[in-house]
Structure formats: C-alpha cells, structure tokens
Amino acid sequence: MKTRCFVYCLLCILLLTLLAGCAEKEPASDSGSPASDAAAGSDEASASDPVTFDAQTLDGASLSSDLFADSRITMVNVWATYCNPCLNEMPGLGELALTYDSEDFQLIGIISDVMEGADEKTLQKAADLVAQTGADYPHLLLNESLYTALLKEVSAVPTTFFVNQDGQILDTVIGAMEKSAWEEQIDALLEP
C-alpha cells in the first residue's frame, strides 16, 4: 500500500508538471539543431548509465529497455492525450516508423497521462487517438519505472529522446516538429 501511494503521488506530480506545458516547437540551438541541452543534458546523459525500464504497452504487451538493442537509434516520443501538438505530429511519426529499416531505426511512444492499470475508458480513449492518428508503433503506459528512467526531467509534451543501442540518450527535442524535420534529425544520427 505504501509503495502504491508513493507511485500515485509521484505520477500526480508528473502529470501536474506535464499539464503545465504542451510545446509546439523548440527554438533551434546555436548549431541549428532543435535539441534542448538545458532540459535533458544530452551530453551528460550519453556518458551516464543507460536508460533502463520495464513497462506495458497500450495493447497489453510487456516491453523493457532491452528493446534499444534492436535498432541503432530508437526515437522515444513522450506525448499526452490532451496535447494537440502531440496529436498533430503523430501521423508523420507513424509514417516515419515505417520508413526506416528496423535494424537502423525504431519508434516508441510513451503516453504520459495514461498509467498502467488505468480504467478501460481511459485506455480506449488513448487507443482511439493512436488509431485516428495512424501512429502504428508501440505506445507505453506510464509507470514508476518509466518515470524514473526518462520522465523525471520532462517539463512539456511532446518531448522526444533519441537513444542508441546501449540505452544512452543521444539527443532530446522538446516540442513537435514536421515529418521532414524529424527525418533530418534521424538521418544525422544514423550517419556513420
């Protein structure tokens, strides 16, 4: 019971933080990249311990951070059901998920406002949004493991992480972007 209260309190704090920010676009940094050095400390993250988590997908499957080993680059898009910029970019993300060879690139979503164990109505709403936007890739439900691994520093949605095969964060983008901008970002990270 004590652990469950802790988890709910932690997740409530996260939800309140996320409700405060829904970002349209992140201003470009000096290098012209939309990466947010301040929010995620991407240089520090790549030298730190790998991201590790265990989670459940919207369709009930179990996934862990072991999935990072499946592709050279994994794009982790954190979104919320109330976030219009998130929903507006998801059709393009769905197309991107099909564009690249799975050995090079994969995409997963994290639904930041839908927790594991949510009621059927909440799960159905999220599933309907995924179907309506054509975002046909795995979507993880929020839990303590995901919060600790990736979402502690997230202050707005969408926030997107690029993670290498070793589970290290290479880059972080705050805000929604067009499909072509995401392609540029992905292609740059896939360059040898």
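These legends accompany several close-up views of a predicted model. Residues are numbered from 1 along each chain as its sequence is written. Because the model is predicted, local features need pLDDT of at least 70 and side-chain atom pairs count only at pLDDT 80 or more, while totals for chains, interfaces and linings use all residues; side-chain values use heavy atoms, with hydrogens and water left out.

View 1. Let us start with S3, which spans residues 73–79; strands (E, at least two residues) and helices (H or I, at least four) are DSSP runs numbered from the N terminus. Seven of the seven residues in S3 are buried, meaning under 20% relative accessible area with a 1.4 Å probe and protein chains only, where exposed is over 50% and partly exposed is in between. In a regular strand the side chains alternate between the two faces of the sheet. Here Ile73, Met75, Asn77 and Trp79 point one way, and Thr74, Val76 and Val78 point the other way.

**View 2. The neighbours of S3.** Strands pair if DSSP finds at least two bridges between them. S3 runs parallel to S4 (residues 105–115), with seven bridges joining the two, and Val76 has Ile108 as its bridge partner in S4. S3 is also joined by six bridges to S6 (residues 159–164), which runs antiparallel to S3; there, Asn77 has Thr160 as its bridge partner.

**View 3. A β-α-β unit.** Follow the chain through S3, helix H4 (residues 84–99) and S4, and you trace a right-handed β-α-β unit. Right-handed means that, with the strands pointing away from the viewer, the path from the first strand over the helix to the second runs clockwise.

**View 4. Aromatic pairs.** Rings of Phe, Tyr and Trp (its six-membered ring) pair if their centres lie within 6.5 Å; planes under 30 degrees apart are stacked, over 60 edge-to-face and the rest tilted. Three pairs are counted by this rule. Tyr100 and Phe105 have ring centres 5.1 Å apart and planes at 55°, so this pair is tilted; both residues are buried. Phe162 and Trp182 also form a tilted pair, at 6.0 Å centre to centre and 50° between the planes. Since Phe162 lies in S6 and Trp182 in helix H7 (residues 179–190), the pair ties together parts 20 residues apart in sequence. Both Phe162 and Trp182 are buried.

**View 5. The disulfide.** A disulfide is a pair of cysteine sulfur atoms within 2.5 Å, and the count comes to one. Cys83 is joined to Cys86, S to S 2.5 Å, and both cysteines are buried. The torsion about their S-S bond is about 80°, so the disulfide is right-handed.
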